[in-house]
Amino acid sequence: MHEMTTLYEKIGGAEKVRQLVEAFYPKVQAHPLLKPLFPEQIRPVMEKQYMFLTQFLGGPPLYTEKYGHPMLRARHLPFPITPSRANAWLECMDQAMDEAGITGQEREEFFSRLVIAAHHMINQPEPASE
Ligand code: HEM
């Protein structure tokens, strides 16, 4: 029989997604370009991201079951997302993947999908430097 293994299973399932989210948000909260966009009470955001990434990787559709269609670009419109902020987000994610021990081909695949998603979220040009 032809075997289908999701990226979710390949990276290590719920435990790995949890580790990744736990590693990611402290970096976001410490980043000068990202920090001002996020609430101090970060737990609810972490929980949503855990649910979203689970389904993004082909795991159970936790986010959609609770919140409906993700419409992520629309949900990000209230926040000024510039190219630099998208890059900052991706840098934090890259470091979080190191910390969570996500490696190999599955990391490459996962990360390249996040690059596309992050670029899709850009909704503001870079501010002119003074
Ligand atoms: C490109 C840079 C990005 C920035 C600056 C950014 C920033 C934010 C901010 C400020 C929030 C709202 C936090 C709050 O609830 O107050 C948010 C929510 C969220 N972000 Fe991002 N984000 C980015 C990219 C992404 C990407 C690439 C993904 C997914 C692959 C993602 C997934 C989510 C999810 C699932 C939520 C929760 C949405 C909800 O309210 O239900 N974000 N993000």
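Predicted model: local features only at pLDDT ≥ 70, side-chain atom pairs only at ≥ 80, totals over all residues.
Biologist: In which helix does His 76 lie?

Modeller: The element in which His 76 lies is helix H5.

Biologist: How far is an oxygen atom of the ligand from an N or O atom in the side chain of Lys 48?

Modeller: Lys 48 is listed with Gln 49, Tyr 63, His 76 and Trp 89 as coming nearest among the 20 residues around the ligand. A polar contact requires a pair of N or O atoms within 3.5 Å. For the Lys 48 side chain and a ligand oxygen, the distance is 3.1 Å.

Biologist: What is the distance from a nitrogen atom of the ligand to an N or O atom in the side chain of Trp 89?

Modeller: Trp 89 also belongs to the group that comes nearest to the ligand. From its side-chain N or O atom to a nitrogen of the ligand, the distance is 3.5 Å.

Biologist: Which helix gives the most residues to the shell around the ligand?

Modeller: The ligand sits in the largest pocket. Helices H3 (43–56), H5 (72–76), H6 (83–100) and H7 (104–120) each give two or more residues to its shell. With 4 residues, the element that gives the most is H3.

Biologist: How many residues of the shell are nonpolar?

Modeller: The shell has 2 polar and 2 charged residues. Its nonpolar residues number 16.

Biologist: Which residue meets Glu 47 in a salt bridge?

Modeller: The count of salt bridges comes to 5. One of them involves the side chain of Glu 47, with an N to O distance of 3.1 Å. The pair links distant parts of the chain, 29 residues apart, with Glu 47 in helix H3 and its partner in helix H2 (residues 13–30). That partner is Arg 18.

Definitions and conventions: Residues numbered from 1 in each chain as written. Heavy atoms only, no water. Near = heavy atom within 4 Å. Polar contact = N/O pair within 3.5 Å; in protein donor to acceptor, adjacent residues only side chain to side chain. 1 Å grid on protein atoms, 1.4 Å probe; cavity = no way out; pocket = protein on both sides within 12 Å on 5 of 7 lines; lining within 4 Å. Sits in = over half its atoms within 2 Å of the grid points. Nonpolar A, V, L, I, M, F, W, Y, C, P; charged D, E, K, R; others polar. Salt bridge = Lys/Arg side-chain N within 4 Å of Asp/Glu carboxyl O.
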